[in-house]
Amino acid sequence: MKKIFACLFWGCLIVFSTSLTVPAEESRLPGDNQSKTIVSEANTADSVDVSKYTESNMYLVEKTIHTDYGTVLYYSPSGAPHGKNPTLILVKKDGEEFVLSQNVPRQNMWNKPELIDISLSDDGKYISFSASFDEKAVINLTSPPVVLHEAGTYYYTVNLETCEIKERFVPILTSDNLSEWAKDEVEKAYALGFVPSSLGTDLKRSITRGEFIKLATSFLSVQRDIEDFENEEKDPDDNISRQEAACMLMQIYKSYAEYNEMSEGTLFFDDDQIAAFAKSDVHAVNTLGIMRGVGENLFAPLDKFTVEQAIITLLRMDSIE
C-alpha cells in the first residue's frame, strides 16, 4: 500500500511515496529491463514473500537476510542524485515494514552513510550493523548549529522480535580529546558499551551533573541490570566538583553493594579543603580504588570532574568484587 507525503524543502514542494519496491532474492540494476542477481544471505527460516517488489528498477538490494521474524533488506534507490542513500529494513511476516537504520545519523544534508558489518546473531534474534565517520558533521544553517554526527563509529543492535534498537558510540580517540593516562581504561569502557554517544568526543572537558547521571544510569543498566539512578535535584547543566563526584559515586555503589563506613581520619594533604558532607565519601572511593588523588597526595576536591574521569571511575567500580 502506498502512502503519499508532501513537504517543503528550501521553498520547493516535494511529493514522495513511502511504498518500497525491493526484491528479495534478486534485484535489477538501473538501466535496461534485464534483471541482475545480487548475492544474498539466508538461513533456514521461512522467508517473507517480497516477490512483488522484484518487477521494479527503482531500487537496488545489496543484502537479503531471511529470519524467523521476517526478511531483512539492505537497499538503496537506483539513480539517487546525491549518492546511494542506503536503508536497512525488516519486512515482517504480516507485511509491516520497520526501518532498522532509523537511528543512524545522516552523513550530510543529502546522504545517508554506508552501513557496515550487517550480520545476524547466532540465535537469529538480533541484527547488528555500524556506520563510521572520519570527521564531525555540523549544519550551520540553524541557530544553534545542528550536529549530524561526531567523528567515530556508531554501533547498533536491533531485537527483531521487539524492534528495540540499542546504540553505542566509539569516538576517534586522539591526544586532543583524551589524556594518555586514561586511554586504556576509556577504550575498555567503550567496548563494554555503557558510554552514551551524547557525551561527544571531547573527554578532557568538565562533565555536567546531568551528563554524569545519564552516564551512571547507562552504566547501571548495562553492567548491573539496574534501570535507574536518581540523584537529588540540582541544576543538571552545572559542572560537578571532584568531591561532589565522590558522593555521587558512593551513592551509585551503595545502590547494589554493601559498604561499611570507616573512620575518616586524615588521608590527603588537602583534607582540610574537603567539605564535611563529602569527606567520608571521598575517603571511601579512595579506599575502594574507585577514585584516587591527583598526585602528591592531593585530592583537589574543588577541581572540576572531567568526562574521562567519570568514565574511568565507573569502570573501576565495576571491577570491585
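## Aromatic pairs

Across the whole structure, a search finds 8 aromatic pairs. The model is a predicted one.

In one of these pairs, the ring centres of Tyr154 and Phe169 are 4.4 Å apart and the planes stand at 40 degrees, so the pair is tilted. Tyr154 belongs to strand β11 (residues 152-159) and Phe169 to strand β12 (residues 165-171); the pair links distant parts of the chain, 15 residues apart. Tyr154 is buried, at a relative accessible area of 7%, and Phe169 is also buried, at 1%.

In another pair, Phe212 and Phe305 have ring centres 5.9 Å apart; their planes lie at 75 degrees, over the 60 that marks edge-to-face. Phe212 is part of helix α2 (residues 209-224), whereas Phe305 is in the loop between α4 and α5, so the pair ties together parts 93 residues apart in sequence. Phe212 is buried, with a relative accessible area of 0%; Phe305 is buried as well, at 0%.

## Charges over rings

Arg168 lies over the face of Tyr155, 4.3 Å from the ring centre. The charged end of Arg242 sits over the ring of Phe299, at 4.6 Å from its centre.

## Gly289

Gly289 is located in the loop between α4 (276-288) and α5 (307-318). Its relative accessible area is 21%, so Gly289 counts as partly exposed, the limit for buried being under 20%. Gly289 and Arg316 are separated by 27 residues in sequence, and their C-alpha atoms are 7.2 Å apart in space.

Terms used
Residues are numbered from 1 along each chain as its sequence is written. This is a predicted model: local features need pLDDT of at least 70, side-chain atom pairs count only at pLDDT 80 or more; totals for chains, interfaces and linings use all residues. Side-chain values use heavy atoms; hydrogens and water are left out. Helices (H or I, at least four residues) and strands (E, at least two) are DSSP runs, numbered from the N terminus. Buried means under 20% relative accessible area, exposed over 50%, partly exposed in between (1.4 Å probe, protein chains only). Rings of Phe, Tyr and Trp (its six-membered ring) pair if their centres lie within 6.5 Å; planes under 30 degrees apart count as stacked, over 60 as edge-to-face and the rest as tilted. A charge sits over a ring if NZ of Lys or CZ of Arg is within 6 Å of the ring centre and within 35 degrees of the ring normal.
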